[in-house]
Amino acid sequence: MAARIAIYPGSFDPPTLGHLDVIARGSRIFPQLIVAVLRNAGKQALFSAAERVEMLRQSISGLGGAVEVCEFEGLLVDFAQRRGAEAILRGIRAISDYEYEFQMAWMNRRMAPALETVFMMPGEDFAYLSSRLVKEVAGGGRSVAGMVPPAIESRLRKRLGLDSILD
Ligand code: PNS
């Protein structure tokens with residue numbers, strides 16, 4: 001039977017157009033998609049989990065009710081099981097992603113054999129896009145237009161104290 005509920009987990013610090021592309025693609029495959037933002041006290045994030053959830057909700061408002069955004073903490077497999085998910089969705093870009101992704105997929109499968117990890121490719125415009133690089137470029141005062149939605153770019157500039165710098 002096809003998976004009905006899928007979880008798309010990540011840090012999303014901040015969400016990029018690559019993430020949003022995978023969400024749109026996933027929402028066309030799975031009847032219900034839960035975008036799950038990791039609330040990770042140990043990891044230094046630029047935006048709080050609540051801010052990342054808000055940015056995602058604003059960015060996907062056109063996709064309708066089949067996509068939900070929430071926070072999670074602890075093990076992903078436990079959260080997925082609590083929510084009745086049958087699949088984990090992950091975006092995969094270049095070959096360099098494979099090692100990390102396969103490690104996680106394998107470990108998750110060991111812990112929860114019935115939970116299937118599904119990989120999707122983002123559009124080619126986003127093949128080399130990452131939240132880390134977006135933060136670096138924005139932090140250096142350069143535009144990240146075409147990499148994140150305009151509303152997220154202005155939040156980034158504010159957070160990085162760049163509002164006074166003109167492009
Ligand atoms: O966007 P990211 O940082 O690549 O997402 C990583 C994420 C959130 C999917 C991963 O760190 C995760 O699932 N963390 C929750 C803790 C967990 O389940 N760890 C074991 C993974 S095998």
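Select helix 4 (96-111). Helix 4 gives the most to the shell around the ligand, with 4 residues. Helices here are DSSP runs of H or I with at least four residues, strands are runs of E with at least two, and both are numbered from the N terminus. The model is predicted: local features need pLDDT of at least 70, side-chain atom pairs count only at pLDDT 80 or more, and totals for chains, interfaces and linings use all residues. Residues are numbered from 1 along each chain as its sequence is written, and side-chain values use heavy atoms, with hydrogens and water left out.

**Stop 1: the ligand**

Show the 14 residues around the ligand. Ser11, Gly74, Leu76, Arg90 and Tyr100 come nearest. By class, the shell has 8 nonpolar, 4 polar and 2 charged residues. Asp, Glu, Lys and Arg count as charged; Ala, Val, Leu, Ile, Met, Phe, Trp, Tyr, Cys and Pro count as nonpolar; the others, Gly among them, count as polar.

Now look for polar contacts, which are pairs of N or O atoms within 3.5 Å.

- Leu76: a backbone N or O atom lies 2.8 Å from a ligand oxygen.
- Arg90: a polar side-chain atom lies 2.9 Å from a ligand oxygen.
- Tyr100: a polar side-chain atom lies 3.2 Å from a ligand oxygen.

The protein covers 77% of the 540 Å² of accessible area that the ligand has on its own (Shrake-Rupley method, 1.4 Å probe).

**Stop 2: a salt bridge**

Select Arg4 and Glu86. Their side chains meet in a salt bridge, 3.0 Å from N to O. The term means a side-chain nitrogen of Lys or Arg within 4 Å of a carboxyl oxygen of Asp or Glu. Arg4 lies in the segment before strand 1 and Glu86 in the loop between helix 3 (76-82) and strand 4 (87-91), so the pair ties together parts that are 82 residues apart in sequence. A search of the whole structure finds 12 salt bridges.

**Stop 3: a loop**

Go to the loop between strand 1 and helix 1 (17-29), where Pro14 has its place. A cis peptide bond joins Asp13 and Pro14, with omega about 0°. Phe12 is in this loop too. Phe12 is not a glycine, yet its phi is positive, about 50°.

Conventions. Near = heavy atom within 4 Å. Polar contact = N/O pair within 3.5 Å; in protein donor to acceptor, adjacent residues only side chain to side chain.
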